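Let's take a walk through a protein model together. Keep the sequence and the picture side by side as you read.

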Amino acid sequence: MPRAQLIAGNWKMNKTVGESVALVKELMPRVTGLDNVEVAVCPPATALHAVGQALAGSAVALGGQDVFWADSGAFTGMMSPPMLRDVGCKYVIVGHSERRGRFGKPDESLGPEAMRVFGDTDASVNLKVKAALEHGLVPIMCVGETLPERDEGGADNTVADQVRAGLAGLSAKNVAGIVLAYEPVWAIGTGRACDGPEANRVIGVIRSTLRELFGPEVAASVCILYGGSVNDRNAHDLISQPEIDGALVGGASLDASRFAQIVQTASVIAKNTRKD
Ligand code: PEP
């Protein structure tokens, strides 16, 4: 079976409620009918409910940018999987590098207290992935190496280790239902995307890790995105690669026309190529 293709927009800490609703209203007609590619938007938490309502009846899915693993309780500022379901989320981003540590590494200038906000670890990512799945959310689990790790030749090991740790204790059936995103930390928000063949190669490493852990069928079926400075100009080079099943888009998802162009590119590629 061909793998699902997904273009997801991570709006990060951008857009008020009014701006968020305006953005999806502009986006929806531009992606209507492109049903060979799934489209998702991940607005900030304050706008989830309003965007969910604006999307009602459309094919564009809603996603959260992070989730906590408990269902409820004394966890100030956090959001639980049932809360995300309640506002209509299908997806949730987990383990984005901006949450694992500022741009992949704790920013020591902020001091140990401030750094706790950015404190996702492989262990917390694993708890979040499990909690999301238990509540019927599809986690989009992000992995990716920093520039020093790449320069030292450690990119493949870093992503393989993050995949192993993030998916520890999950069944093959669970893993078949998740989305992974390869997001090299040095490419996020820098305007310097990884080139298509290299992103394809690293995603091949991720798929081999899945094969080793969960078997060939699961490895062949999991949707794996590329993320890191994807825009309407480089989308074709990236998404046309055989291992790449779509994109997690940050900056370019804040503009309806640019984001829709990425979706349209993915749709043309999906029509002409079968990835499995
Ligand atoms: C992201 O936030 O996941 C991302 C890839 O951002 P950008 O596209 O802006 O690099």
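Rings of Phe, Tyr and Trp (its six-membered ring) pair if their centres lie within 6.5 Å; planes under 30 degrees apart count as stacked, over 60 as edge-to-face and the rest as tilted. You are looking at a predicted model, where local features need pLDDT of at least 70, side-chain atom pairs count only at pLDDT 80 or more, and totals for chains, interfaces and linings use all residues. Residues are numbered from 1 along each chain as its sequence is written, and side-chain values use heavy atoms, leaving out hydrogens and water.

With that ring rule, the count is 3 aromatic pairs. Phe-68 and Phe-75 form a tilted pair, because their ring centres are 4.6 Å apart and their planes meet at 45 degrees. Ring pairs join Phe-68, Trp-69 and Phe-75 into a cluster. Is Phe-68 buried or exposed? With a relative accessible area of 10%, Phe-68 is buried, while Phe-75, at 37%, is partly exposed. Here buried means under 20% relative accessible area, exposed over 50%, and partly exposed in between (1.4 Å probe, protein chains only).

Now turn to the ligand. Among the 14 residues around the ligand, Lys-12, Glu-183, Gly-189, Ser-229 and Gly-250 come nearest; a residue is near if one of its heavy atoms lies within 4 Å. A side-chain N or O atom of His-96 is 2.9 Å from an oxygen atom of the ligand. For Gly-251, a backbone N or O atom lies 2.8 Å from a ligand oxygen atom. Polar contacts are pairs of N or O atoms within 3.5 Å.

Technical notes:
Polar contact = N/O pair within 3.5 Å; in protein donor to acceptor, adjacent residues only side chain to side chain.
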